[in-house]
Each structure stands twice: as C-alpha cells, then as structure tokens.
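Trainee: Please give me a close look at one part of this model. Keep it simple, and start with the bigger picture.

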Amino acid sequence: MVVLVSVSLAVITLDYRQGQSGPLAGFGRTARAAMAPLQEAVTTVTRPIGSFFSGLAHLPSLAEENQRLKDELAAANAQSETTAFVQQQYRDLLALVGLRESLDPTSVPAVVIANGVSNFEWTVTIDKGSADGIAPNMPVVAGTALSPLLVGIVVETTEHSADVQLMLDRDWSAAAKLGTSGEAGEVQGQGDADLRMSLVTPGTEIAGNEAVFTLAYQASGRPGLYPAGLLIGQVSRTVPYDNSIEEFVDVRPAVDFATLQFVLVLQTRAGEVAP
Amino acid sequence: MLRRVLTVAAVIITALLLQSTIFAQIKLLGVRPELLYLVTIVIAILEGPQEGAVVGFAGGMMQDFLLNQPKGITALTLTLLGYAVGMARQYIVSPSPLLPTFLVAAGTAAGIAFYEVVSFLLGQLDQPLSYSVKVIVLTALYNAVLTPIFYPLLRRLFEGSRPQRVVRF
C-alpha cells in the first residue's frame, strides 16, 4: 500500500516536470496505440445498437424533426442557387486581382472510434494517426471540406490513432468572429454547456442565431491554429453581465457531438494559417 | 497466480473499453459512470484491502495513460480508495444485499471528490464547483445503479480465479 502510493506520487511528480516529452508520455502513447484497435472493434459492433436505442429515445420528436428538415432542405436548395452565383462572382474577383486562397489545406477523413474516459476531459479518438500525416495542432472539422464545421484540434497522436480535443473542453479556445456584426472575440469551451464568447465590444447588436466563425488570430497566448471561416456555431444567448469592458455571448456548437462519426483533419501547420 | 493476473488485466481493459465506447454514449444527465472506481470498490469488498489497492493502482495507472492530464492522479486515488473500502468492509457486519451498492455509491463519491481536490491542487481542474458536485453525485448514482449488474459478474470471475488451497496430509 505504501509502495503503491509512493509510486503514484512519484509518477505525478515526474509527469508534472517532464510534460509531453518524458518517458511517461511515451508510455501513454503506447497505451493509446494498444487500446485504439480494441476501441475501434467495440465501436464497430456497438454503434448500430447505440443508434437504435438512441432512435427509440427520440422517436416522439422524429416526425416533427423530419418536417422541419424538409422545410430547411427546401430553403437550403433555394439558397444554394444564390450561393453558387455569389461563389462564381467571388472566384472571378479573385482571379481578377491575381489572388488565390492563401490556405487550402488537404484533409484526411477519419472515423471516431472512441470517446475520452474521463468526465473532466472532452476528447474523442479517431482511427488515423501520424502514419496518415496527422500531427498535433491540426484542426478537425465535420461536414465537408467546402463547408466545414469546427470540431476541435488534434492534441496527441500515435501511429494509427489520434486524440482530438473537442471545442467543448474547458482548455479549448479560439479567436472567433460574429458573422453578421463582424465583432471579434474569443470562444472557450464550457464542458457540456454552450461555448462562451468573450471580448465582444459592449453595445454590439447581436442577432439571435448569428453565426460564429473562426479567425486565424492567436487566442489565450496560443498561436492561431485554425484557418479563418470555419463555422463554430450560432449565438444562443447574450449573457447578462455588468461589464463595460467586454460582453459575453453563448454559442451553441454547430456540430452534434453526441452523433459525431466522421471527421476531416485539416493538414495545416501550426502558426502558418492565414487570416 | 497467472490466471489471477490475467483476470484482473482483462477486467481493467474491459472496463476502460466500455467506458470509452458504450457508456460514453449512455450518459446520465451528461455524466458517464466511472467503471474503474466500481471495479476497484467491488474487488476491495470481495478480496480485501491489499488486493483492492493493487487493482486500484493498476487500473488507475492504465486510465491515467489514456488521459491528456498528469499521470498518476487516478492511480493514487484508486489505490487509496481500494485500500480504504477493503479496510472498512472488515468492520461492517451487515447481511443486507444492498451493502455493495451503498459502498460503491459512497466510495465513488469519496473517490471522485478526492480526485477533484488533487487535480485542483495541481492546477489541472478548471471546472466550476457546480459541475464538480454534479459529477460526484451523478457518477455515484450511476455506479450504484450498475452495481447489481457488475457485482455478481465480478464475484463469479474472482472466485473462479482464486488460487485453490491444497491440503496435504
């Protein structure tokens, strides 16, 4: 008992001093690499069962949701016609002034094979790792490469798997911009609650459901890790707070993390994203 | 002895797999169970403080290596928890079939609270107090609900892997 407690304390101290570069972090990577195939196998078997029970739980709201989705699809179809026209104009303008997109990262598709094991960390494990060109600090998105929704960022890799810190995690933050008003701020994870955007100029008129996008600025002292324009979510409410320096808004993530299955890892390099 | 070690390893790995896959989807008000706490407490009840501490240490260390937090905090927590529950069990004389469920609930709550305090002291816990309390209460409740399912399974497993005593005349 005394020996085990002593070893635990020694491990805490060693890991605290060595961080991600010590031998203990190496053991961690080995453990993750060993667990990843097992987690993938279990998830492959149990995901349909989980989806079935999840579907049963949501059965009463499915008909209503179906109608709502049909309405949204009709609206989206109408909007896509307009969007295609605007996109063509945009491309023509870029070609006209001899510009090209400063960031067009390649992406690696991956499957979510497991979640984190702790109630104090919001992470998922994906089935692609360093052997597939994935490295820490690469942004992870859902949706498509043309309309990406931000999921989080790669924090740890093994050869064939990687851990992704979700933007729900309390250690996650990114510079962001309100879509309509154009106000910039910083978005931080709040666990299972909505994200919190701070540093918004007081008095800014913020529309309900206003979209929030990433900016490539640095946030919380970390370099800009995200390309500009990734959709983070929509404003869910303005937080009443008596502060003349900054205003806070809550942001509901665009990604449904409960059903997250496929993601794209953008192969950017830290500090080289363009604003 | 080897069979015993393999049984413990299999139980720990299965608990971690279940926690990171199935139980990550089946949450109780946003909180998942802590299966290694449950396993450690049940083994401490069945086998005593020494085995509880060893299994807690092994399971906790394994879980720590899967986290992006300083290693060793879960190992320390579960070692102390396994030993404490095993010791407490020796002094509790109750025929109640609900005793394991009660011990799992109380042990989980105490263990999670200890983990949070140590993480906070190391500057690794950045949660509001309300969330910390919610996790303590709901994981204790969730683990208690799971105890009637896992306790008989673990008892059968560990009784089967117990070294046979050979009496020579």
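What percentage of the 275 residues in chain A is buried? After that, take me to helix 3 of chain B, where it packs with helix 7 of chain B.

Mentor: This is a predicted model, so local features need pLDDT of at least 70, side-chain atom pairs need 80 or more, and totals for chains, interfaces and linings use all residues. Residues count from 1 along each chain as written, while chains are lettered from A and ligands numbered from 1 in written order.

Buried residues make up 35% of chain A (20 or more other C-beta atoms, placed from the backbone, within 10 Å of their own). Chain A has three helices (DSSP H or I, at least four residues) and 12 strands (E, at least two).

Now your helix pair. Helix 3 of chain B spans residues 35-47. Its axis lies 10 Å from that of helix 7 of chain B, at an angle of about 50° (lines fitted to C-alpha atoms over the stretch in contact; N-to-C angles run from 0 to 180 degrees).

Who meets whom? Helix 3 of chain B brings Y37(B), L38(B), V39(B), V42(B), I43(B), L46(B) and E47(B) (contact: C-beta atoms, placed from the backbone, within 7 Å). Helix 7 of chain B answers with residues including N143(B), L146(B), F150(B), R155(B) and F158(B). By class, the contact has 11 nonpolar residues (Ala, Val, Leu, Ile, Met, Phe, Trp, Tyr, Cys, Pro), two charged (Asp, Glu, Lys, Arg) and two polar (the others).

The contact between the chains takes 37 residues from chain B and 37 residues from chain A.

Methods
Two residues are in contact if their C-beta atoms, placed from the backbone, lie within 7 Å. A residue is buried if 20 or more other C-beta atoms lie within 10 Å of its own, exposed if 12 or fewer, and partly exposed in between; C-beta atoms are placed from the backbone.
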